[in-house]
Amino acid sequence: MSKAREAKAAKIRQLMETEGDAVGTSTRGFNEGRYQSVQTLDDYEGLKSEARAIKEDAIERLPELIDQLRETVESNGGTLYIADDAADANQYIREVCEDKEAERVVKSKSMTSEEIEVNEDLEAADIDVVETDLGEWVLQVADESPSHIVAPAIHKSREAIADLFNEAFDPDEPLETAEELTMFARERLGELIEGADVGMTGANFITADTGTMALVTSEGNARKTAVVPDTHVAVAGVEKVIPTVEDLRPFVELIGKSGTGQDITSYISLLTPPVESPTVDFDAPDTPLSATETDRDFHLVLIDNGRFDMREDDQLRETLYCIRCSACSNVCANFQHVGGHAFGGETYSGGIGTGWEAGVEGLDSAAEFNDLCTGCSRCTTACPVEIDIPWINTVVRDRVNRGEVSELDWLVEGLTPDEEPGGVSLQKRFFGNFETAAKVGSFFAPVSNWAAGLDVSRDLMERFLGIDARRELPEFQRETLKDWFESRTSRVDDPVRTAVLYPDVYTNHVQVERGKAAVRALEALGVDVIVPDVRSSGRAPLSQGMIATAEDHAHDVYAGLAEHIDDGRDIVVIEPSDLAMFRTEYEKFLPEKSFERISEASYEVMEYVFGLLDNGADADALSAGAGEEVAYHSHCQQRTLGLEGHTEAVLSDLGYDVATSDVECCGMAGSFGYKSEYYELSVDVGSELQGQFQTDENGDRTVVASGTSCLEQLDSLLSRPMQHPIQLVAPRR
Amino acid sequence: MSTGTVATFEDSLERLEVGWTHASPDGLADVLEGLCSDPTIGVSLPYDGVDLPDWVNIDPTPADLREANAGVTAAGLGIADYGSVVVQGTPDGVEPVSLFGDLHVAVLRRSDIVPGMPEAFDWLGEEFRTGHPSAIIATGPSATADMGALVKGAHGPKEVHVVILDE
C-alpha cells in the first residue's frame, strides 16, 4: 500500500476504534428519530419543497434582501456589518468587545464562529471566551474540535466526559452520571454567564422584513447569552437571510425533525435585537429588573468568506441552501462509523461538508474527506431543502482530480479511454474505466481471473492501483450475457410488451446468471426481450469524479436506447446504481426531453415484474415461494428512488416470507470497498448488515440483494450463498 | 373534557411529560399555590381581571432570579400540534422570569391555543410587525444530551407546567 493510503487507513482505523461507537450510537439514534418524527407531518415532501423554494428565492435575491435587512436592523437600533472574510469579521468583533472593555464573552453554539475561529482571535486580545453550549464547553475544556455540526461532542462518551471534568475541575465528589455532569456544567457556566460583558450567538435564520433572527436550541444557553449581557453580537453567514417571518415556518417544523429526530427543539428563539427584555445585571444583584436601565447594543455580523462566490457557482450554489441540520451526517453509513474527525474538513463535516469546505476553505480541505462520500444518495431524501449532496461531492471530486498533477500523467494519458485530464489518480482511472477492464477480463477469462488472483498480481494492484489484496476480485465470465442472448432464440409468441434488458457491465461480464434469470422471468411473463449492445451508464467514472467521461457515456447510452424508446419499448435495468443514473444524474447530462424520455421509460427489474403482475400477468409463470424465508437487502440508491417496496411486494405475493434489512448502505459502494485506504471502513459498515442477517431469526434465511456491490459485500461477510431477487423468482427452466 | 384543538394540545403536553391544569380566573391562585414553592417570581399577567397572588414576587432582582424555584409568566400562544407555548420578550421581563427558575409556569388563555405552526406564524408575523418583536417558542423544559444521556434542565427550567385559563 502507498504511504499516503496507509496513513489514511490508519487514521480511519484509529477513529473507528476510539470514536466510532459513540458517534455510531448517537447518529443512528438521530437518524431513526428522523424517520419517526417526519411521519407526524401531514405533508413532509411538500414542506421540504416549500423550504427549498424559500432558500432558492432568498439566495437569488440575496443582495436585495441584505439591503432590506440593513434598513430593518438599523431602524430597530442595531448595526449590520458585512465581513468579507474571517479576518475582517474577527477584527470587527474584537473592536466591539474592546469598545465595551469586555473581559468575558459568553457564546452559544455557532458553526460560523468556528469557521472564522473568533475564539482564538479574542483570546489573543486577552478577552476570555466561554462556550456555554454544554457540548461545545466539553470541547473547549478538552481542547478538541467538533465531530458533528449539531452535537459537537458526539464522539465523547459519558465516561470520557466524566474523566475530563474530574481531572480538570477536581470536584469534591467525582462526577459520574449524565445528570451530575449536566448540573455541574449548569452551575459553573451559569456563574460565567452572570459576569459576562458580551453575549455572542449564531443565527439559524434572519428575516429581512423585521430583522428577526431564529436560534434553534434546547439548553437555554442561547436565551441567557442573548438576554443577560447588554451587548449582543450575532455571527452568521450571509446565506442565512430569508425574506419574511412567515418564511420561518417550514424550517421550524423541519429542522429538529431532520437533525436530531426531535419534533421540535426545546427553544426556537425568535429575537429582534436589540430585544426589549431587561438586561440582568448581576453586578447589582439587588436592583429590581424594573429599575435596571436597559440600554442594549446589537451587532449583526454577516460573513461572506467565499459565499458570494459560491452563489455565482452553478454547482456549489445549492450548498448555500443548507440549514445545517445534520441529517446528511446522521443518515450516512460512513459518517456513522468514523464521525466528523475523519469525515470533515477545517470546520464542516458530513455529506454537505464538502460543499462548505470547498466554498469557504478551498479544495484542499474538501479533498481531505471528499472520497468518504460513496454517492449512496441516502442523504438526498433526508435533506430538508432537497440538496443533491452526492452531486456536490462529485463536482468537488472532479475539481480535485483536475487540480492534482500526477507524476505518471505522461504514462496514463492516452492509455485510458476517458475524457479526463492528467490529474486523475491511477486508482480512480482504473475504477472509472471499469467497462474496459471488464471487456478485457471476459475476453481472456478464465486466464484473466487466474492471473489477477496471483499473489504477485494482487501485490502490484495494491501498490499501483490501491486495490486491497484482502478483497476478492470479481470473476469475469467468458460468455457474456450478450453472447448468451445472441446464441438463443426468443420464445415469446404474441408478446404483451417488448423490453430492452439493459446489459450493465456487471450483469454482462460478471453476474451473468442474474441477467439470464431476468430474461427467463420476463419471457415467462409474456415480454419479448432484447439485449442490445449499449455502453455502460457512466456510473463508474461518475463515482470517481470523472464527470466529463460520465457525460460522454450518457450521450452514447441515450443514442443507443433512443430508437428503442421511440418504438415504445421499456428499458429494464437490473443494477440499481445504473437505473439511478438514468432517473437522476442524466438530468445533468442530457437535454431535458431526452432525460425525460429515458427516465420515464426505465424500470428496475423487480419494479417491472411488479408492474406486469399488477397488469394481469400470470404469477404462476414464476417460481413460487411456498413460505420460503428470505432475507432481503435492497440497494441504497434503489431505496432513494422509492423502489425497495416493489421487490418486497413481488416476493410476498409469490409466497416468500420476507425480512428486509434496515441499514442505510452495505458499505461496499462500488469501488469504495476495494480501495485499500477504505477497505476496513467498508467492512466495518458492512458488519451491521452482516449482524442483521445473522440473528437467530434471520440466520437461516435465503439471502437476496439487489445491487452488485451489496452482493459482493454480503458474499465476503456471510458464508451462505446469495443471489439477486430475480434469480429467486425466475422459472428454473 | 377537552375537545378539538385544546385536546390535541393536552395530548402533546402529555407526550412531552409536561403537566397542565385548567383554572378559572378566580381559581388561579389556588392552582399556583399547588404548583409553586417559595421563592416564586412572576410577571403580572396581561389578562383583565386576572392577578397573580401576593406571594408571587413580581418585582424580582437578579438575586431573586438566581434563587427562584418557580417563575410564573403569561404565554401569548399555545401550539396544539407541538405542545409549545410562546413566551414573549417584553420589557417587564417575561423572558428572564420564564428562564431562570427550576419550574416555569406558563399561564395561557384557552382561546389562545392554535392548531399548528401555520397559525402560529400568521400570529407571530403580525405581532412582530406591530411592535412585539421577540418571542420564544418553548416546548417542554430545557434539555441536553451532550453529557451522554438526555437530561432535563440544562441552562433553563427543569420542569414546565401549563395553566390553561378557562374564561
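Q: Two residues are in contact if their C-beta atoms, placed from the backbone, lie within 7 Å. Which residues of helix α16(A) meet which residues of α19(A)?

A: In this predicted model, A:T354, A:G355 and A:A358 on the α16(A) side meet A:I392, A:N393 and A:V396 on the α19(A) side. Three of these contact residues are nonpolar (Ala, Val, Leu, Ile, Met, Phe, Trp, Tyr, Cys or Pro), three are polar (the others, Gly among them) and none is charged (Asp, Glu, Lys or Arg). Residues are numbered from 1 along each chain as its sequence is written, while chains are lettered from A and ligands numbered from 1 in the order in which they are written. In this predicted model, local features need pLDDT of at least 70 and side-chain atom pairs count only at pLDDT 80 or more, while totals for chains, interfaces and linings use all residues.

Q: At what angle do α16(A) and α19(A) pack?

A: Helices (H or I, at least four residues) and strands (E, at least two) are DSSP runs, numbered from the N terminus. Axes are lines fitted to C-alpha atoms, for helices over the stretch in contact, and angles run from 0 to 180 degrees between N-to-C directions. Here α16 of chain A (residues 353-361) packs on α19 of chain A (residues 389-403) at about 45°, and their axes are 8 Å apart.

Q: Where do α9(A) and α10(A) touch, and how do they cross?

A: Helix α9 of chain A (residues 158-169) and helix α10 of chain A (residues 178-194) cross at roughly 45°, with axes that come within 10 Å. That angle is why α9(A) is oblique to α10(A). This crossing, too, is left-handed. From α9(A) come A:R158, A:I161, A:A162 and A:F165, and from α10(A) come A:A178, A:L181 and A:F184. Six of the residues in this contact are nonpolar, none is polar and one is charged.

Q: What is the angle between α3(A) and α12(A)?

A: Helix α3 of chain A (residues 44-60) and helix α12 of chain A (residues 248-259) pack at about 125°, their axes 9 Å apart. They are therefore oblique to each other, and they cross in a left-handed way. The α3(A) side brings A:L47, A:K48, A:E50, A:A51 and A:I54, and the α12(A) side brings A:P250, A:F251, A:E253 and A:L254. This contact has six nonpolar, three charged and no polar residues.

Q: How many residues does each chain bring to the contact?

A: Chain B brings 42 residues and chain A brings 53. Several elements of chain B supply at least two residues each, among them α3 (62-67), α4 (94-100) and β8 (135-138). The most comes from α5(B), with seven residues. On chain B, the side that touches chain A has 24 nonpolar, 14 polar and four charged residues.

Q: Where is pLDDT under 50 in chain A?

A: pLDDT is the predictor's confidence in each residue, from 0 to 100. Residues 405-415 of chain A stay under 50, with ten contacts beyond four places in sequence. Where pLDDT is low, the predicted coordinates should not be read in detail. Chain A averages 94, with 98% of the residues at 70 or above, and chain B averages 95, with 99% of its residues reaching 70 or more. The model scores ipTM 0.97 and pTM 0.95.

Key:
Parallel < 35°, antiparallel > 145°, perpendicular 65-115°, else oblique. Left-handed = near helix turned anticlockwise from the far one by under 90°.
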